[in-house]
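Some notes on this model follow, point by point. Please read them with the structure open.

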Amino acid sequence: VASEPKLLYGQTKQFLERFCLAPGGGLMQGSPSSNDLFNLYCHERIDLVLREMFAAEFWQHIIRYRRYLDDMVFSSDLPIDRNLRRRVRETVHGAGFTVNEKKTRIYDLKKGPALIAGCHVDLSGKISIPRTELVSLRGYLNAILKNDGTHFEEPRVTGKIAWARSFIARKKASELSRVERDVLALSERFH
């Protein structure tokens, strides 16, 4: 009975290496289990560490933290100081990742909306799709529907349509911009 955990660990390791890990190391991209395994790893190595750090040392700032796969968002009613940002980077590095400085932003919502995961978020909490994204989607849908030879990946397009529609559907018809109405009409024709 004492050897059962060792045996189970060995079998689990073999299973993961065979079915979930790429030959050169790391998770296989596109595997159905990749997102879940990534989230499990990040939960243990990043999420719990950061939440404990915020609770123990920076409680006075009341920092809110969310992560979607490898996108991390921190918010606070007060500015988040350099020391804390450095410690967050150290935690991410300690988990074996690097921070993409080109994608790192510091926003002050009093000065304008933040762009988070492709959406604008303003001081009131309103979430919207940037107009440039809608214009791009409208052009892409027009090209596909005209059958001009534009290459497209159907799951990606249907996902982008669902994403856009989820925001547009929250508005009254009278509040829709022209580009939003166009995207709705084109997306109906796409299906």
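1. Overall make-up. The protein chain has six helices and five strands. Helices (H or I, at least four residues) and strands (E, at least two) are DSSP runs, numbered from the N terminus. Read from the N terminus, the order of elements is α-α-β-β-α-β-β-β-α-α-α.

2. Basis. This is a predicted model, in which local features need pLDDT of at least 70 and side-chain atom pairs count only at pLDDT 80 or more, while totals for chains, interfaces and linings use all residues. Residues are numbered from 1 along each chain as its sequence is written, and side-chain values use heavy atoms, with hydrogens and water left out.

3. Dimensions. The C-alpha trace spans about 65 × 45 × 30 Å along its principal axes.

4. Of the 191 residues, 22% count as buried. Buried means under 20% relative accessible area, exposed over 50%, and partly exposed in between (1.4 Å probe, protein chains only). Of the contacts (heavy atoms within 4.5 Å) with a separation of 6 or more, 43% are between residues 24 or more positions apart.

5. Main core. The largest nonpolar core has 16 residues. A nonpolar core is a set of buried Ala, Val, Leu, Ile, Met, Phe, Trp, Tyr and Cys residues joined through side-chain atoms within 4.5 Å. Helices α4 (131–145), α5 and α6 (178–190) each give at least two residues to this core. The largest share, five residues, is from α5. Among the residues with the most contacts inside the core are Leu 134, Val 157 and Phe 190. Beyond its neighbours within four places in sequence, Phe 190 touches residues including Leu 141, Phe 152, Val 157 and Ile 161.

6. Helix α4. Its 15 residues reach 21 Å from first C-alpha to last, close to the 21 Å expected at 1.5 Å a residue. The expected span is 1.5 Å times one less than the number of residues. Leu 134, Leu 137, Leu 141, Ala 143 and Ile 144 are buried in α4. Their cover includes α5 and α6. After α4 comes Asn 147, with a positive phi near 55 degrees.

7. Aromatic pairs. Rings of Phe, Tyr and Trp (its six-membered ring) pair if their centres lie within 6.5 Å; planes under 30 degrees apart count as stacked, over 60 as edge-to-face and the rest as tilted. The count comes to seven aromatic pairs. Phe 15 and Phe 19 make a tilted pair, 5.0 Å centre to centre with 45 degrees between the planes. They sit four residues apart in helix α1 (residues 4–19), so about one helical turn separates them. Trp 163 and Phe 167 make an edge-to-face pair, at 5.9 Å and 75 degrees. These two are also four residues apart, in helix α5 (residues 154–168). Trp 163 is partly exposed at 24% relative accessibility, whereas Phe 167 is buried at 13%.

8. A threonine in α3. Is Thr 91 buried or exposed? Thr 91 is buried, at 12% relative accessibility. Thr 91 belongs to helix α3 (residues 82–94).
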